[in-house]
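Subject: Structure handover

Hello,

Here is the structure for your files. My notes on it follow below.

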Number of protein chains: 4
Amino acid sequence: MSDNRINTAIVGASGYSGEELVRLLLGHPHVNLSVLTSRQYAGQPLASVFPRFGGHTDASDLVFSEPSIELLADKAKAVFLALPHGVAAEFAVPLVQRGVTVIDLSADFRINDADTYNEFYGTEHPAPEWLPKAVYGLPEIKRADIANATLIASPGCYPTSILLPTIPLLEAGLIDPAQIIADSLSGISGAGRKADVPFLYVECNESLRPYSVPKHRHLSEIEQELSLANDSPVTIQFTPHLVPVNRGILTTIYLAPALGQADDIVQWTDAVDDCLTKRYADEPFVRLTGSDRLPDTKNVTYTNTIEIGWAVDPRTQQLRVFSAEDNLMKGASGQAVQSFNIRFGLDETSGLPI
Amino acid sequence: MSDNRINTAIVGASGYSGEELVRLLLGHPHVNLSVLTSRQYAGQPLASVFPRFGGHTDASDLVFSEPSIELLADKAKAVFLALPHGVAAEFAVPLVQRGVTVIDLSADFRINDADTYNEFYGTEHPAPEWLPKAVYGLPEIKRADIANATLIASPGCYPTSILLPTIPLLEAGLIDPAQIIADSLSGISGAGRKADVPFLYVECNESLRPYSVPKHRHLSEIEQELSLANDSPVTIQFTPHLVPVNRGILTTIYLAPALGQADDIVQWTDAVDDCLTKRYADEPFVRLTGSDRLPDTKNVTYTNTIEIGWAVDPRTQQLRVFSAEDNLMKGASGQAVQSFNIRFGLDETSGLPI
Amino acid sequence: MSDNRINTAIVGASGYSGEELVRLLLGHPHVNLSVLTSRQYAGQPLASVFPRFGGHTDASDLVFSEPSIELLADKAKAVFLALPHGVAAEFAVPLVQRGVTVIDLSADFRINDADTYNEFYGTEHPAPEWLPKAVYGLPEIKRADIANATLIASPGCYPTSILLPTIPLLEAGLIDPAQIIADSLSGISGAGRKADVPFLYVECNESLRPYSVPKHRHLSEIEQELSLANDSPVTIQFTPHLVPVNRGILTTIYLAPALGQADDIVQWTDAVDDCLTKRYADEPFVRLTGSDRLPDTKNVTYTNTIEIGWAVDPRTQQLRVFSAEDNLMKGASGQAVQSFNIRFGLDETSGLPI
Amino acid sequence: MSDNRINTAIVGASGYSGEELVRLLLGHPHVNLSVLTSRQYAGQPLASVFPRFGGHTDASDLVFSEPSIELLADKAKAVFLALPHGVAAEFAVPLVQRGVTVIDLSADFRINDADTYNEFYGTEHPAPEWLPKAVYGLPEIKRADIANATLIASPGCYPTSILLPTIPLLEAGLIDPAQIIADSLSGISGAGRKADVPFLYVECNESLRPYSVPKHRHLSEIEQELSLANDSPVTIQFTPHLVPVNRGILTTIYLAPALGQADDIVQWTDAVDDCLTKRYADEPFVRLTGSDRLPDTKNVTYTNTIEIGWAVDPRTQQLRVFSAEDNLMKGASGQAVQSFNIRFGLDETSGLPI
């Protein structure tokens with residue numbers, strides 16, 4: 001293994017995002033996966049917990065450790081946290097203080113405002129003074145900030161699918177910020193690897209159901225970032241649904257023309273096309289389908305790509321934007337690796353299938 | 001078999017709705033399934049085409065016939081048409097003229113206006129003079145008309161899931177008719193039993209995708225019936241999605257308070273509760289979940305029940321209504337049998353699982 | 001509700017077989033479902049635990065009780081036990097002693113020999129003196145015994161799929177008892193409604209896996225019944241696999257000609273055909289597909305039918321027999337109701353879809 | 001793109017194996033995908049047929065061509081044929097004659113004997129004189145031959161899953177060649193991307209079914225290779241089943257001890273362990289689970305790994321061996337790329353996830 005690989009750790013590697021991080025980092029040309037921690041599996045070899053990794057030469061010596069700040073700071077230059085909210089902060093702060101770059105996949109540092117965190121997560125923020133120092137790790141929107149960050153709060157799966165299509169339109173003043181509706185379908189891996197009856201195979205297969213209405217936790221970061229793009233507060237309607245696929249989020253966003261834009265719907269349509277096309281034409285992980293074709297999650301599973309399509313309805317003069325992503329890739333672990341690549345000056349697509 | 005069973009035929013019994021009609025009518029205590037037709041399978045026993053029915057004593061003699069008006073008029077008092085649009089009218093008109101009661105599952109007689117039919121179905125209506133004579137067979141809305149109809153146009157799967165929750169709110173003046181959005185998820189049986197690549201197992205499994213945006217054909221009947229409830233034209237946004245289940249439609253409807261209703265959101269919330277509760281409390285096939293629980297298609301598959309739930313969002317002061325149905329039952333064949341029961345003075349739940 | 005309905009209880013009505021019993025008994029024309037018990041849900045209305053039953057008029061007053069022998073004996077003439085093994089016996093014995101007919105879906109009374117029970121279930125049998133009094137409730141094989149039983153041990157899902165095709169061939173001396181292999185595929189509901197990680201949606205979807213090799217617990221009753229048919233001990237190979245469907249068992253059985261039968265393979269083939277055809281031609285819940293068509297679970301889900309097909313391979317002169325059943329119906333609750341019908345002198349198909 | 005990449009073509013790139021080859025070869029570090037052909041899609045860009053590849057820089061110029069020997073011989077040093085049997089030979093022969101290395105994924109050159117081909121494929125072999133020149137491309141068994149081959153007949157999905165576990169045991173004389181049974185479960189992609197009703201989503205979901213009993217075409221190559229390992233003819237029983245997953249084959253193989261081996265079952269068990277362990281311990285794409293754990297297809301999907309496990313049953317003194325592979329990877333396209341790597345002297349794992 002080359003000497004200039006970056007020693008990297010994963011804390012909480014036993015959930016679905018953690019497992020996906022293992023898969024991606026084992027295949028990453030510039031990473032040496034030096035530490036894996038899991039309270040539940042401490043002492044067990046990686047391959048006995050996840051048989052899938054049994055064949056990797058690089059994985060043969062990997063054994064889950066008890067999580068320890070000292071061990072992590074000693075052995076890793078970068079640490080990915082795949083932990084529940086509340087717990088992540090306990091690792092993030094001391095690791096950053098020891099000079100380690102932290103990419104946190106939990107919600108702990110996504111929210112700028114401690115009161116909002118409290119409102120949506122039902123608990124006091126454990127380290128509110130660190131909130132201003134974290135960067136919201138949405139690469140297509142905050143690439144420059146990510147390049148210099150030491151604490152990267154990687155976005156949630158739903159927020160990514162909503163923010164990437166909507167932010168450019170808001171910034172361009174093309175849509176009415178008071179009339180945003182996001183309707184999302186999520187694969188079951190989004191619920192995590194926890195033994196709960198509602199996520200058993202038989203309970204999910206042949207089942208379609210909305211949940212967490214009207215106030216899903218992800219609304220806090222979605223509205224925060226939309227408000228920043230809008231330069232004033234935005235409140236939206238958001239409905240997540242659970243549908244029987246392993247991976248994938250399909251989001252349909254209903255948008256109305258901004259004041260003044262409705263007068264000339266042809267011009268507005270062109271402006272929407274231009275806005276999204278210019279913003280994303282050169283992004284390696286954004287595939288625009290325009291109005292030619294609608295996104296489909298099966299085109300993006302096991303890749304870090306998000307597909308975005310849209311259609312103005314001449315009957316209602318309203319806009320629908322659609323996005324499709326793999327919730328474990330662009331919606332979680334893939335995006336976290338993308339930020340890691342940016343932060344360490346690597347090719348942004350290193351280790352990430354397009 | 002009792003003498004007073006009603007001789008009944010199914011024309012086009014080889015698709016998914018046709019097969020479901022066979023299943024329901026074989027189990028119906030007041031029906032004698034006297035004729036089954038299928039161009040494709042003429043001459044073949046029912047049980048060789050659909051092995052599932054091989055054990056029914058009543059099914060053992062059933063053989064698919066070539067469709068023939070004479071045979072049908074001779075052998076059946078009621079005929080269900082499970083045919084493509086355009087073809088259904090060729091059977092419906094001569095059968096009704098011969099005194100047979102026709103329950104048509106196609107779109108041919110759902111639209112009151114021939115121009116609208118032409119606009120949405122891309123072809124001249126084959127028998128426009130019959131459009132005013134047909135009754136739109138949504139039992140909870142048009143029970144009295146159905147009881148006296150000879151030509152019943154049974155509604156589509158998406159329309160049922162949208163109209164039942166929305167019509168009472170529109171009639172009560174509680175919602176803004178200009179701001180209706182319906183977002184639907186449909187199981188793959190909705191696409192019919194036709195050999196097309198996009199509906200292969202591998203193309204649908206692990207896939208989530210919108211389609212027919214912005215102008216799905218069902219919009220014609222949805223907007224027609226909403227306009228009637230509203231006493232003036234209504235145009236809505238409707239997005240169907242294909243998701244990997246065999247059966248089920250889950251619809252999420254976004255609704256805004258009508259002018260004046262937004263002033264007192266608590267009162268509006270109560271009025272919405274009252275409106276839906278009063279309208280549907282005694283309906284055998286409507287299960288209201290209110291705001292206690294959200295609908296789930298797995299609670300209604302293989303039944304003729306539609307679940308309806310709702311939630312006013314205090315953050316946005318908007319209403320979301322959810323419905324779940326089995327697209328082959330309440331969304332197609334079950335509802336057609338419900339209309340048949342009404343038309344022939346039977347218990348409305350005869351032969352229909354709740 | 002008619003006065004001569006049989007008051008019937010379900011103990012342990014919160015698992016998948018229990019829920020299926022509720023569904024079947026609510027629709028049974030000669031049953032009054034008088035008591036439902038569940039430790040977990042005691043005090044809760046049926047409809048709040050299983051929303052699916054919310055619309056049944058007969059279900060509207062049903063509330064889960066704490067299980068109590070007195071209550072059950074007082075309120076029910078027949079009791080279905082849908083409990084874990086070991087627990088079922090605690091209810092079965094005192095209920096039978098009080099004159100109640102018990103249909104036990106657990107393994108507690110399926111095994112004639114207490115040592116075998118101990119070997120396969122890893123615990124002393126709680127009431128070995130009752131083992132000889134119980135009848136193994138496989139209707140097509142033991143109809144007469146079931147008609148007079150007070151303690152019916154309803155068979156497991158795998159055993160039903162293996163025994164029905166194999167017993168007649170063994171009894172007729174057509175197959176070699178030393179060379180029986182049964183390879184089964186089971187839907188995930190067979191694992192029960194318990195919150196274990198291996199049965200989460202994401203762990204089962206897109207997964208195919210054998211388990212419990214080489215000594216699944218069901219082997220004990222399979223080999224016991226085969227030995228009875230063979231009049232001397234039979235040991236078989238049995239491999240269960242878990243595959244991603246909700247319902248269904250597909251079993252492939254590999255069989256060799258008995259000594260002497262291999263000499264004339266054409267005659268043997270005819271004898272096999274005759275044997276199965278004569279045995280099952282008049283059985284309402286057995287559908288023989290012969291060698292014309294192979295069984296498919298989708299033809300039997302939601303019915304109490306088992307499909308049985310077979311093919312002699314002229315290349316190897318061996319026989320393969322296939323069976324398909326719904327593991328919750330013919331494999332569990334449907335079969336238990338079939339035994340109930342026999343026991344109470346009702347039409348054997350009462351309340352059971354074919 | 002580096003100059004020393006190998007120009008490579010795919011003929012018939014529109015089916016599932018063809019699409020998988022595109023995916024693998026686009027990511028292969030030593031391949032330049034120079035030509036893609038498809039009669040159906042000739043003239044269309046790759047990305048418009050398979051949106052998934054829209055983001056690949058290397059894919060942006062790829063357009064499907066009409067298949068032409070001249071074009072292929074001119075532009076490619078290696079050609080993968082993903083064509084139906086019968087058609088593949090029309091390309092293979094002239095390409096090899098022009099000095100192109102051909103890796104054929106069809107059955108055309110897998111069978112050494114033209115009569116056997118005729119028996120199993122129902123048609124005369126189009127180029128029988130080429131049969132002796134082709135190498136059966138099972139790398140773990142024929143690595144040396146593959147390294148020097150110009151016409152590689154890549155094995156089918158079922159044969160791979162059966163041959164890899166069985167050949168070493170046969171060669172070592174540990175199992176009885178007269179008593180081999182292979183029972184396989186296959187994902188639906190094995191049926192190809194063709195618009196047939198039995199492979200529609202609704203027909204496959206919630207369905208478990210055997211098919212092609214007793215004489216599936218793959219038996220011809222399975223028995224040929226087993227006979228070679230056994231040095232005398234072998235006939236087996238093989239039952240394929242279709243189960244609802246996109247990808248994966250799980251095979252359960254029933255094996256009996258060879259004459260003499262049954263005397264000491266402990267010794268036989270050790271010999272089996274030794275045989276498989278020694279043979280495969282160093283193979284990069286074989287993961288032995290031994291008797292500690294049973295294979296599961298979800299551990300191998302999207303990789304070129306085959307998992308192999310086994311268990312001797314002390315009750316029956318018989319052996320069961322299990323294998324799990326991704327039918328599109330180790331079962332088809334991945335294995336074809338593995339042979340390509342061997343043939344061109346590359347690292348055998350180049351471009352292939354483990």
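Helix α11 (residues 329-343) of chain C lies across β4, β5 and β7 of chain C and runs at about 160 degrees to β5(C). Helices (H or I, at least four residues) and strands (E, at least two) are DSSP runs, numbered from the N terminus; axes are lines fitted to C-alpha atoms, for helices over the stretch in contact, and angles run from 0 to 180 degrees between N-to-C directions. Contact requires C-beta atoms, placed from the backbone, within 7 Å.

This is a predicted model, in which local features need pLDDT of at least 70, side-chain atom pairs count only at pLDDT 80 or more, and totals for chains, interfaces and linings use all residues. Residues are numbered from 1 along each chain as its sequence is written, while chains are lettered from A and ligands numbered from 1 in the order in which they are written.

In chain C, an open sheet of 7 strands has parallel pairing and the order β3-β2-β1-β4-β5-β7-β6; two strands pair if DSSP finds at least two bridges between them. Strands β3 (64-65) and β6 (135-136) of chain C are at the edges with a single partner strand each, so one side of each has no neighbour in the sheet. Strand β1 (residues 6-11) of chain C is joined to β4 (residues 78-81) of chain C by 4 bridges, and A9(C) has V79(C) as its bridge partner in β4(C).

Chain A has an open sheet of 7 strands with mixed pairing, in the order β9-β10-β8-β11-β14-β13-β12. There, 6 bridges join the antiparallel strands β8 (residues 181-186) and β11 (residues 249-255) of chain A.

Regards

How values were computed. Two residues are in contact if their C-beta atoms, placed from the backbone, lie within 7 Å.
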